[in-house]
Every structure is written in structure tokens, then in C-alpha cells.
Amino acid sequence: MKRSVRSPGSATIINAIATGFGSAFGIGLDIECEAKTTNDSITCFNDVGADNTLMELCVKRVFDYYDIDENEFGVDLKTKSTLPMASGLSSSSASSNAIVKVVSSIISEEFNLKPLDDLEIINMAIDASLEAGVTITGSFDDATASYFGGVVVCDNKNREFIIKEKMEEYPILVYMPNYYSKSGDSNPERMKLLAPLVETAFEFAKNKDYFKALNLNGLIYSATLGFNPSIAIDALQAGAIASGLSGTGSSFVAIVKEDSIGDVKDSWSEYEGKVIETEVDNKGCRLL
């Protein structure tokens with residue numbers, strides 16, 4: 001049996017590290033995971049040269065849930081990605097969602113067992129990410145924006161939704177500098193110093209003023225983490241609706257209208273790195 005799942009990344013509106021409350025939205029860059037059954041063992045391969053620990057943990061959690069012995073049944077997994085790794089665009093959430101979903105789909109059909117529901121998949125993926133050390137908070141906001149698409153506002157500590165809805169399908173520009181910043185390597189204590197300011201930004205998100213929330217959050221975390229806030233300000237000056245640091249970096253995102261794409265790209269041309277064009281994703285994680 002062979003199955004494939006496509007899972008998008010997400011961009012930050014509110015980074016949850018400071019307060020435990022966050023917001024994110026799905027973007028068109030994604031990870032595809034193909035899984036096929038084998039007689040035994042678990043094998044994992046990814047096309048970006050990343051460590052396979054997270055992939056393996058995701059599979060093993062699904063096997064454990066269904067009480068499957070990998071000496072008697074196996075899966076061969078391969079992922080391919082248009083989503084930059086270690087860039088603040090939820091590559092870990094996208095990968096873990098895709099893997100848990102595709103493996104649970106195969107096992108439930110192969111052994112005629114009850115499929116995992118959406119939140120069971122998400123929570124299992126988050127638990128694997130926490131065990132792998134690729135997230136600080138568990139990133140319920142990133143994981144659910146990736147899984148469902150659209151925009152979410154979340155209580156990450158309790159893994160609960162405050163808002164979950166579709167987002168207007170704007171073009172999105174992503175500025176990628178020539179370096180990476182892993183979420184698990186960040187200093188949460190430093191970020192928590194600015195919690196009162198992040199709480200102000202979160203109030204905008206709770207009131208569905210997502211663009212103000214994204215702008216303010218980006219400035220706060222850029223200052224805290226040592227990124228150049230001029231990257232976002234240049235995009236705004238060039239006509240972006242909103243722009244800010246995504247996750248703990250290193251990427252910046254800009255929400256734009258069609259007629260400002262060229263101007264925003266030009267404003268980022270002076271910075272070393274590359275600009276990726278994509279769009280809001282409202283489809284989420286799904287079987288192909």
C-alpha cells in the first residue's frame with residue numbers, strides 16, 4: 001500500500017514563546033510525505049538532508065498507539081519539501097503532521113482499525129516534536145495552522161482554539177537570509193522579558209486585527225532576537241499590508257496585494273538572501 005500526504009507550512013502572527021498564546025496562518029510552501037508498506041522496520045528519508053529523528057519519532061508514536069510491532073510490519077517514508085527548514089515557517093509542524101497523518105491512514109486501513117481524528121493527529125505530532133526538541137512551546141498554533149490551513153489564534157499551553165477560520169487569500173512574500181535559526185536553540189527567558197508587549201499584540205489578534213498583530217509581534221521579536229527590523233519596515237514602506245519576523249527567524253514574511261509584489265521584492269533586493277513568492281493556504285494537510 002502507498003499513500004501520500006501534503007502538509008503546508010505556516011507564518012507567524014503572534015509568537016507564543018513569550019506568553020503561551022499564539023497565532024499563525026497557513027502558507028503555500030509545503031512538505032509532501034510518501035509512505036509505503038514493507039514487511040518490517042521503519043526507514044525514513046528526506047530531500048533536505050535534515051536529521052531523521054523527528055520522522056522516526058512520529059512513526060513510532062503511531063505504531064505504539066496502534067500496538068504495531070515494527071518487526072512484523074514496516075513503512076518506508078520519503079519527504080520532499082518546498083518549505084525552507086529552520087526558518088520560522090513551521091517546517092517541523094508540517095513534517096510531523098504529514099508523517100503522523102499518512103502513517104495512521106495506512107495502518108488504520110491495513111489492520112481495519114479506527115483512524116485517528118484531526119486533533120489526535122495534531123497532538124501526536126506535537127508530542128513527537130517536543131520529544132525531538134524542535135519546538136519550545138509545542139507550537140499548537142503552528143501545528144493547527146499547518147493542519148487546517150487558514151488562520152488560528154490559540155492557547156498553546158492548553159492546546160485550545162480561540163479563533164479558527166479561513167483567511168483572505170493574499171499573495172505572500174518570504175524573505176530568506178543566508179542563515180538559519182532553529183526554534184529549539186532560542187532563548188525563551190529572553191523572549192519572556194517582553195511578554196507585556198506581546199500581550200498587547202495578542203489583543204489585536206484576538207480581535208481579528210491580524211495585520212496589526214503581525215506587525216507589532218515582528219518588531220518585538222526582531223528586537224529581542226537580534227534580527228534587523230528594517231526588513232519588515234522596508235516592506236511596509238513599499239506597500240505591504242503587513243510584514244514581520246516569522247517564528248524565531250530567520251525568515252520575514254510580507255502580506256501583499258498583487259500590485260505591490262514588485263515593489264516589496266525590490267525593497268528586499270539590497271539584503272543578502274532570496275525572496276520566495278507564495279500565497280495564503282486555506283486547504284491544510286490532506287491526502288493526495
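Tutor: Welcome! Rings of Phe, Tyr and Trp form a pair if their centres lie within 6.5 Å. Keep in mind that this is a predicted model.

Student: How many aromatic pairs does the count come to by this rule?

Tutor: The rule looks at ring centres, with the cut-off within 6.5 Å. Applied here, the count comes to 10 aromatic pairs.

Student: What kind of aromatic pair do Phe140 and Phe161 form?

Tutor: Their centres are 5.3 Å apart, and the planes are at 50°. Planes under 30 degrees apart count as stacked and over 60 as edge-to-face, with the rest called tilted. The pair of Phe140 and Phe161 is therefore tilted.

Student: Which elements of the chain does that pair link?

Tutor: The two residues are 21 residues apart, so the pair links distant parts of the chain. Phe140 sits in helix H4, and Phe161 belongs to strand E6.

Student: Is Phe140 buried or exposed?

Tutor: Buried means under 20% relative accessible area. Phe140 has a relative accessibility of 1%, so this residue counts as buried.

Student: How do the directions of H6 and H7 compare?

Tutor: The axes of helix H6 and helix H7 come within 7 Å and cross at roughly 160°. Angles over 145 degrees count as roughly antiparallel. So H6 is roughly antiparallel to H7.

Student: Which residues in H6 meet H7, and how many residues of the contact are nonpolar?

Tutor: In H6, Leu197, Val198, Thr200, Ala201, Phe204 and Ala205 meet residues in H7, including Leu216 and Ile220. By class, the contact of H6 with H7 has 2 polar and 1 charged residues, and the nonpolar ones number 10.

Key: Residues numbered from 1 in each chain as written. Predicted model: local features only at pLDDT ≥ 70, side-chain atom pairs only at ≥ 80, totals over all residues. Heavy atoms only, no water. Axes fitted to C-alpha atoms, helices over the stretch in contact; angles between N-to-C directions. Helix = DSSP H or I, 4+ residues; strand = E, 2+ residues; numbered from the N terminus. Parallel < 35°, antiparallel > 145°, perpendicular 65-115°, else oblique. Contact = heavy atoms within 4.5 Å. Nonpolar A, V, L, I, M, F, W, Y, C, P; charged D, E, K, R; others polar. Phe/Tyr/Trp six-rings, centres within 6.5 Å; stacked < 30°, edge-to-face > 60°. Buried < 20%, exposed > 50% of the residue type's maximum accessible area, 1.4 Å probe, protein only.
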